Amino acid sequence: MAVSMKGRSLVSMADFSAEEIWRVWELATELKRKQKTGEPHRILEGKQLAMIFQKPSLRTQVSFETGMAQLGGHAVFLGPDHIQLGKRESVPDVARVLGRMVDGIMARVFGHADVETLAEYAGVPVINGLSDSEHPCQALADLFTIYEKMRRLEGVNLTYIGDGNNVAASLLLTGAKVGMNVTLISPDGYEIDSRYVQIARSDAARSGSRLRFSSDPDDVAGSHVIYTDTWASMGQEAEAEERARIFKPFQVNNELVAQAGGAPIVMHCLPAHRGQEITDEVMDGPNSVVFDEAENRLHVQKALMALLM
């Protein structure tokens, strides 16, 4: 595909067209093959990536840092105590300074507005590595994994069960763009923000995607993919006990997977609280692709960086 994305930022999956999403996956496939066969692919030789972390990370830090090294570049880790984004120094000032020194910025933050502000002022591509509102890199890796397993996305039934959080938002936005049928199942009061529903419905009208929203944990029949996430995200620790009680019927276990019929693949963005949102039997079972999707964060994000930077 002849799609130029140089200089662009990825703040939200709403930023990318379906054609651009497929371009990321096309390059991710190529880079994954090269990484597996040991073929050099130093596309970003000499490039620098600043990595801003307000939240702890395993997959995000290792995948971006390792990815930059494999692409021939270098990543600079800026932890919570390094810059104190928006406290020690304003977000626009941080963006302006980093934009003079690096070729791209990845930000894993609490407030989504911080990523938007970084993208506005940096003058270099900014990648949302996670915010409280969205997790676009995760959704790109997830759907890439589904495509690897099923060789199609149009008409695939993805059912997300759990909190209507940042991961759910990005899955909904991405699935609607590429023609997947997306069902979100959440307890009453924990549904996804309606603004994402409106955006996704507009895209679904063009792609043929069918979107459904439910509060019934048994509403999984016909699912090709069952996806779950932690019930209490970072910053919601005080609600963890109450959420555990409310979300208990929404656990992904063998009984729930069986209700889907067939052999649905099971996904989780990690870290998982085993015995809460997902059982050991399912996460370690034959339907699970949890660690495949974790690995694909590396390949998809390498493609993103190569295309944007």
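Let's start with Cys 269: this residue is buried, with a relative accessible area of 5%. Please keep in mind that we are looking at a predicted model.

So where is the closest cysteine sulfur to that of Cys 269? It sits in Cys 137, 13 Å away, and that is too far for a bond, since a disulfide needs the two sulfur atoms within 2.5 Å. Cys 137 is buried as well, with a relative accessible area of 0%. The count of disulfides for the structure is 0. Cys 137, then, takes part in no disulfide, and its nearest cysteine sulfur is the one in Cys 269.

Now, on to a pair of helices. Please find H7, which covers residues 166-178, and H8, which covers residues 194-207. How do these two pack? Their axes are 7 Å apart, and the angle between them is about 20°. H7 is therefore roughly parallel to H8, because an angle under 35 degrees counts as such. The crossing of H7 past H8 is left-handed.

Which residues meet here? On the H7 side we have Ala 169, Leu 172, Leu 173, Ala 176 and Lys 177. Facing them from H8 are Tyr 196, Val 197, Ile 199, Ala 200, Asp 203, Ala 204 and Ser 207.

H7 and H8 pack at an angle of about 20°, in a left-handed crossing.

Notes. Residues numbered from 1 in each chain as written. Predicted model: local features only at pLDDT ≥ 70, side-chain atom pairs only at ≥ 80, totals over all residues. Heavy atoms only, no water. Axes fitted to C-alpha atoms, helices over the stretch in contact; angles between N-to-C directions. Helix = DSSP H or I, 4+ residues; strand = E, 2+ residues; numbered from the N terminus. Parallel < 35°, antiparallel > 145°, perpendicular 65-115°, else oblique. Left-handed = near helix turned anticlockwise from the far one by under 90°. Contact = heavy atoms within 4.5 Å. Buried < 20%, exposed > 50% of the residue type's maximum accessible area, 1.4 Å probe, protein only.
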